[in-house]
Amino acid sequence: MVLSSILTLAGLGFLAAALLAVASRVFAVHEDPLVARVSETLPGANCGGCGYAGCEGYAQAVVHNPAIPPNLCVVGGAKTASALGALTGKLTSEMEPLTAYRRCDKNAGQVARRFDYKGIPSCAAAAALHQGSDQCGFSCLGFGDCVKECITESLHIENGAAVVNETTCIGCGKCVKVCPRDVLQLIPKRARVAITCSTKDKLKAVTDVCKVGCIHCEKCVKVCPAQAIVMENGRIQIDQKRCLDYGDSCALACARACPRKILRLHGGAVLPPEPKKAQPAPSARSS
Amino acid sequence: MSVFEVFISAIFVNNIVLAQNLGNCPYLGCSRERGVALGMGTAVVFVTVMATLCTWLVQKYLLEPVHLEYLQTLVFILIIASLVQFVEMFLKKAIPPLYASLGIFLPLITTNCCVLGVTLLVQREDYGLMMALLYAFATGAGFLLALLLMAGVRERLEVCRVPKAMAGTPIALIMAGIMSLSFMAFKGMV
């Protein structure tokens, strides 16, 4: 009895061990030692600014996928980018510094309150209650969830809306992830234009509640010569890379076309007057 | 009991977590976010079914013929542990996307009493193989349900004003208790 129990258990254990030993050989997955070296090079902040779940995820992607550029790490910046470029043998292009940008100008738009919110002072909580106390369902709630999240103290609340200090912002995107209303967006620091509204509402619903809300007339989409502006998921989106690549020759056509004046020059500059004489296109306008 | 009754009872009436209090560790540990809860729950369903299949066969064709039923617990632990290891290796090689989503949970399951509990309960109830597999699947689904519900509640709890002494695990335990009580309402069903 004792013998048989010992033999059975030992036999089973031996069998399992043998199975696992064989399996570890048969199912061995070759892991690239480069991945480990790349993840050592990365800052290890796991901020997710690159768009991957963590530094490990980005290391995997940048080693295995030739299409992934080595300059996605915003925390490491140019130094990490060149180190990754050397490790993976990829061309390191210029690191594009990003900044957070608030897609809402509810004070200028005079967005009214639907009710007085007296709950927990957090955007997440306020947004969970009847989609926030503002008339607009896409406005900045101004309780500063992003401010708490920011690691460089580049955000503060002013007149009930988040304000980004673009010179100190490192563009890690932590605030973008925490914003429950998707108001913040990452754009290149040298972006030329940016849209200051993120609403998905339709024409009347927008004009009723906000003076500077996007009415999705798509004039900017039609007028952009670079086709950098698209209507995506019910919002106007600017492909900043395409816009910057095209350069200044469009004379900021989108900002001029916008009837609500919400496609603004990034950096707070005023739209220069239209260069009327500078349009050498008589052939196109034959009367 | 009919097939349907076993199914319903395993998910709701005798929910493995809320009524039988097995697998409480992942129930509290992996229920902070819904995504994690879903991954863990799916992994438990998968492993429970696999483990039930293996242990049922071992019980019927090895332990019972040599009258070693008293070694059940020991042998089942051994089998589940090596099975989970094997499955992990297999997934890593054969189905990398599935491994990426379930991979980190599989080692956690090795010591999950929910899985061991199901394999032992199957033997106690003396189910046939098909019935055992169905029971294992339903129990895993019940675990997944409890985990998802808890994750949903805890995501809301994050933005609630909880007294300082209660914040974190204490309030989670209270929520677990209340949820368990509310599942008592299913008792009359089967």
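Q: What is the expected span of a helix?
A: The expected span is 1.5 Å times one less than the number of residues in the helix, where helices (H or I, at least four residues) and strands (E, at least two) are DSSP runs numbered from the N terminus. In this predicted model, helix H7 (residues 113-125) of chain B has 13 residues and should span 18 Å at 1.5 Å a residue, which agrees with its end C-alpha atoms being 18 Å apart.

Q: How should I read the numbering, and which residues count?
A: Residues are numbered from 1 along each chain as its sequence is written, while chains are lettered from A and ligands numbered from 1 in the order in which they are written. Because the model is predicted, local features need pLDDT of at least 70 and side-chain atom pairs count only at pLDDT 80 or more, whereas totals for chains, interfaces and linings use all residues.

Q: Which residues of H7(B) are buried?
A: A residue is buried if 20 or more other C-beta atoms, placed from the backbone, lie within 10 Å of its own, exposed if 12 or fewer, and partly exposed in between. In H7(B) the buried residues are B:Cys114, B:Val115, B:Leu116, B:Val118, B:Thr119, B:Leu121 and B:Val122, and they pack against helix H3 (34-63), helix H4 (72-94), helix H6 (106-109) and helix H8 (129-157) of chain B. Just after H7(B), B:Asp126 takes a positive phi of about 60°.

Q: How many residues does each chain bring to the contact between A and B?
A: Two residues are in contact if their C-beta atoms, placed from the backbone, lie within 7 Å, and here the contact takes 18 residues from chain A and 16 residues from chain B. On the side of chain A that touches chain B, H1(A) gives the most, with 11 residues. That side divides into 12 nonpolar, six polar and no charged residues, where Ala, Val, Leu, Ile, Met, Phe, Trp, Tyr, Cys and Pro count as nonpolar, Asp, Glu, Lys and Arg as charged, and the others, Gly among them, as polar.
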